[in-house]
Amino acid sequence: MKGGKVGATRGGRNALVLGAALGALMLGGQARAADGRTIVMQGNGKGAPPCMACPGIQGQGNAAGGFPMLAGHSAHYLAKQLQDFQQGLRSNATMGPIAKALTDDQIQAVAVYYASQKPPAKAPGSKNASK
């Protein structure tokens, strides 16, 4: 029986550690989104202005201004685009310097934040609204 108790205790500890690790990962994503929201609203204070000025606070974009919608894209995709701007693989006079002013963690935070935003719903019949 002694061996069974050790195994059960060890298994219980393993489950507890695994649960704690998964919880930390989930909270980490929430913390990143919160940090991302701060950068979106205020910039990073080190050269990156508030993101909300261009794609908007909810990432809805501004087609007239040439700013794409970010809401609804995956965090991986958004982070990759920022990293490409940062490394000069994508060229844009506005986004290049902004991406270079962000740390890797800040890029991830902004990407997680915008990925958590829902794209705006299209108005019913918006294609034919002018007819």
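Among contacts in the chain (heavy atoms within 4.5 Å) between residues at least 6 apart in sequence, 58% join residues at least 24 apart. Keep in mind that this is a predicted model, in which local features need pLDDT of at least 70 and side-chain atom pairs count only at pLDDT 80 or more, while totals for chains, interfaces and linings use all residues. Residues are numbered from 1 along each chain as its sequence is written, and side-chain values use heavy atoms, with hydrogens and water left out.

Let us start with the confidence. pLDDT is the predictor's confidence in each residue, from 0 to 100. Its mean over the chain is 81, and 68% of the residues reach 70 or more. Confidence is lowest in helix 1, at a mean of 60, and highest in helix 2, at 98. Over residues 17–28 the pLDDT is below 50, and beyond near neighbours in sequence this stretch has zero contacts in the model. Where pLDDT is low, the predicted coordinates should not be read in detail.

Now for the layout. The chain has four helices and zero strands; here helices (H or I, at least four residues) and strands (E, at least two) are DSSP runs, numbered from the N terminus. Of the 131 residues, 26% count as buried, where buried means under 20% relative accessible area, exposed over 50%, and partly exposed in between (1.4 Å probe, protein chains only).

After helix 2 comes glycine 88, whose phi is positive, near 80 degrees.

Helix 4 can be checked in the same way: its twelve residues should span 16 Å, which agrees with the 16 Å between its end C-alpha atoms. Its buried residues are Gln106, Ile107, Ala109, Val110, Ala111, Tyr113 and Tyr114.

What does the largest nonpolar core look like, and which residues have the most contacts inside it? A nonpolar core is a set of buried Ala, Val, Leu, Ile, Met, Phe, Trp, Tyr and Cys residues joined through side-chain atoms within 4.5 Å. The largest one has 18 residues, and Cys51, Val110 and Tyr114 have the most contacts inside it. Helix 1 , helix 2, helix 3 (95–100) and helix 4 (104–115) each supply at least two residues of this core, with helix 4 giving the most, five residues. Valine 110 touches Gly36, Ile39, Cys51 and Leu82, not counting residues up to four places away in sequence.

A disulfide is a covalent bond between the sulfur atoms of two cysteines; the rule used here is a pair of cysteine sulfur atoms within 2.5 Å. By this rule the count is zero. Cysteine 51 is in no disulfide, and the nearest cysteine sulfur, that of cysteine 54, is 8.3 Å away. Cysteine 51 counts as buried, at 16% relative accessibility, whereas cysteine 54 is partly exposed, with a relative accessible area of 26%.

Next, the loop between helix 1 and helix 2. Asparagine 44 lies in this loop. Is asparagine 44 buried or exposed? With a relative accessible area of 14%, asparagine 44 is buried. Its side chain reaches the backbone oxygen of alanine 101 at 2.7 Å. The asparagine 44 side chain also makes a polar contact with the side chain of glutamine 106 (3.1 Å). A polar contact is a pair of N or O atoms within 3.5 Å; within protein, one must be able to donate a hydrogen and the other to accept it, and residues adjacent in sequence count only if both atoms are side-chain atoms.

Glycine 61 is found in the loop between helix 1 (2–42) and helix 2 (75–86), and at 18% relative accessibility it counts as buried. Leaving out residues up to four places away in sequence, glycine 61 touches Pro55, Phe67, Pro68 and Met69. The C-alpha atoms of glycine 61 and proline 120, 59 residues apart along the chain, are separated by 9.8 Å.

Finally, glutamine 117 sits in the segment after helix 4 and is buried, with a relative accessible area of 17%. Its side chain makes a polar contact with that of serine 116 (3.2 Å). Leaving aside neighbours within four places in sequence, glutamine 117 is in contact with Gln58, Ala71 and Gly72.

Technical notes. The expected span of a helix is 1.5 Å times one less than its number of residues.
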